Amino acid sequence: MQNTGALDGDEVVQLYMSLPSSLRVRPIHALKAFKRVHIQAGETVTVTLNFKIDDLAVWCNGRKIYTVESGVYKMEVGAASDDIRLTADVEIAGEAFPGRPGFFKQEAIDADDYSGVTFLTDKRDGETYVEAKDFRSFLVYKNMDLTGCNAFECAMSAPSGDVEILLADNKTGKVLGKAGGTGTGSLTKFTSFTCDVAAEAGLTELRIVFTKQTSLKWFRFYTV
């Protein structure tokens with residue numbers, strides 16, 4: 001790095017990493033290292049930035065662990081995320097991420113997109129859940145791998161009447177299934193509901209649509 005000005009000065013050199021090919025929802029620029037450097041006028045210095053491979057790990061909702069994803073990462077160096085001066089590609093051998101396994105139990109709060117919902121904690125068991133406000137509420141889960149799955153189960157509750165949620169492909173609008181039954185009499189009295197699903201092999205962007213005020217704690221897909 002060179003100070004081309006007439007005065008001494010400081011600069012904070014920042015290193016950002018990203019994985020453009022990732023199926024996960026990730027930051028466009030993730031800061032992984034930085035260093036403040038004092039440079040005299042006209043001086044050129046070499047700056048070394050260090051980070052651990054483990055610093056690239058992200059949370060895997062399905063497996064409930066942090067993993068480093070394999071792929072070609074973009075390394076960017078600059079004075080800020082919107083002031084990048086150098087870029088390079090680096091291949092890192094980690095773990096493959098084929099998608100979010102549908103047969104793992106998914107916590108409802110782990111949605112990638114949502115509307116009209118509140119994220120809460122059940123005081124009785126400490127587990128989290130989502131409370132949908134009304135028929136306009138929905139949740140979206142990207143890259144769900146539903147290969148081989150033909151059934152669905154969830155822990156759901158509703159204060160009165162019948163309760164039903166719709167499972168759909170968020171990109172095509174195709175309805176995959178409907179789960180529901182008699183309400184549980186409370187928004188926090190959870191009961192298991194099941195239904196058949198018509199899922200296709202591969203990755204699906206799952207959309208869960210609510211039809212009334214409903215609470216959803218978890219769900220999973222399986223094979224019967």
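Predicted model: local features only at pLDDT ≥ 70, side-chain atom pairs only at ≥ 80, totals over all residues.
Residues are numbered from 1 along each chain as its sequence is written, and side-chain values use heavy atoms, with hydrogens and water left out.

The protein chain contains 18 strands and zero helices. Both kinds of element are DSSP runs numbered from the N terminus, with helices being H or I of at least four residues and strands being E of at least two. The radius of gyration of the chain is 23 Å, well over the 17 Å that the globule rule gives for 224 residues, so the chain is more spread out than a compact globule. This radius is taken over C-alpha atoms, and the globule rule is 2.2 Å times the number of residues to the power 0.38. The C-alpha trace spans about 75 × 35 × 30 Å along its principal axes.

Of the 224 residues, 41% count as buried; buried means under 20% relative accessible area, exposed over 50%, and partly exposed in between, with a 1.4 Å probe and protein chains only. The chain exposes about 12100 Å², of which carbon and sulfur atoms supply 50%. Accessible areas come from the Shrake-Rupley method with a 1.4 Å probe, and for residues only the protein chains shown count as cover. Among contacts (heavy atoms within 4.5 Å) with a separation of 6 or more, 68% are accounted for by residues 24 or more positions apart. The chain carries 25 positive and 30 negative charges, whose mean positions are 6 Å apart. Lys and Arg count as positive and Asp and Glu as negative, while His and the chain ends are not counted; each charge is placed at NZ of Lys, CZ of Arg, CG of Asp or CD of Glu.

Aromatic pairs were counted for rings of Phe, Tyr and Trp (its six-membered ring) with centres within 6.5 Å; planes under 30 degrees apart count as stacked, over 60 as edge-to-face and the rest as tilted. By this rule the count comes to eight aromatic pairs. One of them joins Trp59 and Tyr66 in an edge-to-face arrangement, 5.0 Å centre to centre and with 65 degrees between the planes. Trp59 counts as partly exposed because its relative accessibility is 37%, whereas Tyr66, at 58%, counts as exposed. Tyr141, Phe152, Phe219 and Phe221 form one aromatic cluster.

Ile208 is found in strand β17 (residues 203-210) and is buried, at 0% relative accessibility. Phe138 is 70 residues from Ile208 in sequence, yet their C-alpha atoms are 5.5 Å apart.

Strand β11 (residues 128-132) holds Val130 as well as Ala132. Val130 is buried, with a relative accessible area of 0%, and Ala132 is buried at 0% relative accessibility. Leaving out residues up to four places away in sequence, Val130 touches Ala108, Ile109, Val117, Thr118, Phe119, Leu139, Thr214, Ser215 and Leu216. With neighbours within four places set aside, Ala132 is in contact with Gly116, Val117, Ser137, Phe210, Lys212, Gln213 and Thr214. By contrast, the C-alpha atoms of Val130 and Phe34, 96 residues apart along the chain, are separated by 38 Å.

Most residues other than glycine have a negative phi. Asn143, which is not a glycine, has a positive phi of about 55 degrees. Asn143 lies in strand β12 (residues 138-145) and counts as buried, at 16% relative accessibility.

Gly94 is placed in the loop between β6 (83-92) and β7 (100-101). Its relative accessible area is 37%, so Gly94 is partly exposed. Apart from residues up to four places away in sequence, Gly94 touches Val68, Glu69 and Ser70. The C-alpha atoms of Gly94 and Gly71 are 7.6 Å apart in space, the two residues being 23 apart in sequence.
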